[in-house]
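Here's a quick walk through a few spots in this fold. Have the model open as you read.

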Amino acid sequence: MRYFRTLVAAAVLLSARLAFAHPVPFSYLDLRIGPAGTDGSLTVHVFDAAHDLGIAQSATLLDPAVASRQSAALQQMLDPRLSFSEGDRPLPARWGTVEVLADKQSLRLPFTLPGRPSALHVSALIFPYDPQHQTFVNVYEDGALRQQAILDASRTSLEYFSGGARGTLAVARRFVAEGIHHILIGPDHILFLVGLLLLGGSIRRLAVVVTSFTLAHSVTLTLAALRILSPPARVVEPLIALSIVYVGVDNLMVRGGGRDVRGWIAFGFGFVHGFGFASVLREMDLPARALGWSLFSFNLGVEIGQMLVVVVVAGALAALRHRSEAAGRRLAFAGSLVVVVAGAFWFVQRVFFAGGSL
């Protein structure tokens, strides 16, 4: 009987605790982009607002007079937690008069943003004290709902690209730069390319190799970005490492009198590398209204990055061979060995250890 009374008491305490727990850990952010400019509103629960303002009784904020007195403090608190920008240009929010939504136990804070941005970046971590808190975002353009997202502690930002030519240009600028950046910071992709270039060859031969790689990875990048075909990273990453080993071994075989099939190698393994590129692209919030442009622009950026690598590496190898053919052959042999060893290291790392990444 004593244990039963203890259990009942614990249940009562738990129920009381739940009754006073956070009722709804959500905020709502609405953004409206129109011909006259950009405006929006942020709706927050009085529980959260009272917690961060140090108000003991959250219900007092449902009194319009109290809410009005706390308006400046609330806006000052929210300013660093909710920010907007277009590229590198910050778009400061101009807050309006706070509105009490008694039926929802919430406060609505309207605001306006300067101009009509073509690429609107939103960063929001409204109530960081609560790790479960979420902000539901709705973006309207010309009266139509265009994008929805949920921001929380794990994802604190989104980017919206408006329609029209300015929005398309903003998409192109963003994703071309991302494509160039990704290829240049990917040591495995670069080493695969370098391996393909080590044996040299005519401009036509090298163009066939690079174009084969581009065509193949463009196909699988698109399929994976659209979630039509998306193999897991634990399969893709070791295969990318194996592709590096293969191209190094093939170089050594060609030196021994084998047939030069670098174009086919580039084409075959390009499909695998495309899945690797897509793993990054999927994390970028592809704009639904400009999906084709974003994929094209990212592919173009990857191609530009590849050509930078090709120009530098192929140019340096050609200059070396022009001065000394023997030195060029020695470098191709030593470089191929390095490619094999590096690829084997990445393969072991990605199969047997969790730390390997693209």
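## Ground rules

This is a predicted model, where local features need pLDDT of at least 70, side-chain atom pairs count only at pLDDT 80 or more, and totals for chains, interfaces and linings use all residues. Numbering starts from 1 along each chain as its sequence is written, and side-chain values use heavy atoms, leaving out hydrogens and water.

## Helix α2 and its cover

Just past the helix, Gly54 has a positive phi of about 75°.

## Asp130 in its loop

Asp130 sits in the loop between β8 (119-124) and β9 (134-141). Asp130 is buried, at 13% relative accessible area. Its C-alpha is 8.9 Å from that of Ala153, 23 residues away along the chain.

## α6 against α8

Helices α6 (203-225) and α8 (262-281) pack at about 35°, axes 6 Å apart. Here axes are lines fitted to C-alpha atoms over the stretch in contact, and angles run from 0 to 180 degrees between N-to-C directions. By class, their contact has 15 nonpolar, seven polar and two charged residues; nonpolar covers Ala, Val, Leu, Ile, Met, Phe, Trp, Tyr, Cys and Pro, charged covers Asp, Glu, Lys and Arg, and polar the others, Gly among them.

Terms used. Helix = DSSP H or I, 4+ residues; strand = E, 2+ residues; numbered from the N terminus. Buried < 20%, exposed > 50% of the residue type's maximum accessible area, 1.4 Å probe, protein only.
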